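The exercises below each pose a task and then work through the solution step by step. Please keep the sequence and the model in view while you read.

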Amino acid sequence: MSAFLAAAEALSADPNLGTAATVDGVACRGVLARPEDLFARGIGGPPSQGVATLLTVAASALPARPGRGDAVTIGAVAYTVAEAVADESGASFTLHLRKA
């Protein structure tokens with residue numbers, strides 16, 4: 001196991017960072033990020049339409065590479081994968097999500 005894969009698995013498993021998710025029917029844990037919460041809103045302005053919710057999942061948690069259109073559920077919220085980006089080591093995937 002590479003150090004990058006070990007780190008991705010450890011971050012996902014951490015109860016303070018990781019969150020439960022279902023990716024195309026497979027239960028897993030990942031690190032959720034919502035960049036729009038940080039910078040997409042201008043002062044008093046509407047949220048940006050171009051910023052996705054991001055879920056980073058260890059590659060070992062999924063049986064296959066996720067793809068565009070895959071269904072993701074986090075809590076009671078349904079999403080669709082808009083883009084799946086593998087990190088350079090292949091240890092994790094960052095899923096760019098849109099609400100379904």
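Predicted model: local features only at pLDDT ≥ 70, side-chain atom pairs only at ≥ 80, totals over all residues.

**Exercise 1.** Find which residue takes a positive phi in the hairpin of β1 and β2, and describe how these two strands pair.

Solution. Begin at the turn, where the hairpin has 2 residues between the strands and D24 takes a positive phi near 50°. Helices and strands are DSSP runs numbered from the N terminus, a helix being H or I over at least four residues and a strand being E over at least two. Next, follow the strands themselves: β1 covers residues 18-23 and β2 covers residues 26-33, and they pair in the antiparallel sense over 6 bridges, where pairing requires that DSSP finds at least two bridges between two strands.

Residues are numbered from 1 along each chain as its sequence is written, and side-chain values use heavy atoms, with hydrogens and water left out.

**Exercise 2.** Work out in which order the strands run around the closed barrel.

Solution. The barrel has 6 strands with antiparallel pairing, and they run β1-β2-β3-β6-β5-β4. Neighbouring strands of this sheet are turned by 45° against each other on average, direction ignored, with the axes taken as lines fitted to C-alpha atoms and the angles between N-to-C directions running from 0 to 180 degrees. To check part of this order, take β1 and β4, which run antiparallel and are joined by 2 bridges, with T22 opposite T73 in β4. Then move on to β4 and β5 (residues 77-86), which pair in the antiparallel sense over 4 bridges; here A71 stands opposite T80, and G75, in the hairpin between these strands, takes a positive phi near 65°. Last, β5 is joined by 7 bridges to the antiparallel strand β6 (residues 92-99), and E83 has H96 as its bridge partner there.

**Exercise 3.** Identify which residues touch the most other members of the largest nonpolar core.

Solution. Such a core is a set of buried Ala, Val, Leu, Ile, Met, Phe, Trp, Tyr and Cys residues joined through side-chain atoms within 4.5 Å, and buried means under 20% relative accessible area, with exposed over 50% and partly exposed in between (1.4 Å probe, protein chains only). Of its 15 residues, V23, L55, V72, I74, L95 and L97 touch the most other members. The elements giving two or more residues to this core are β1, β3 (53-58), β4, β5 and β6. Looking at L55 in particular, and leaving aside neighbours within four places in sequence, its contacts (heavy atoms within 4.5 Å) include V23, V72, I74, L95 and L97.

**Exercise 4.** Decide whether F4 is buried or exposed.

Solution. F4 lies in helix α1 (residues 3-13), and F4 counts as exposed because its relative accessible area is 58%. Not counting residues up to four places away in sequence, F4 touches S89 and A91.
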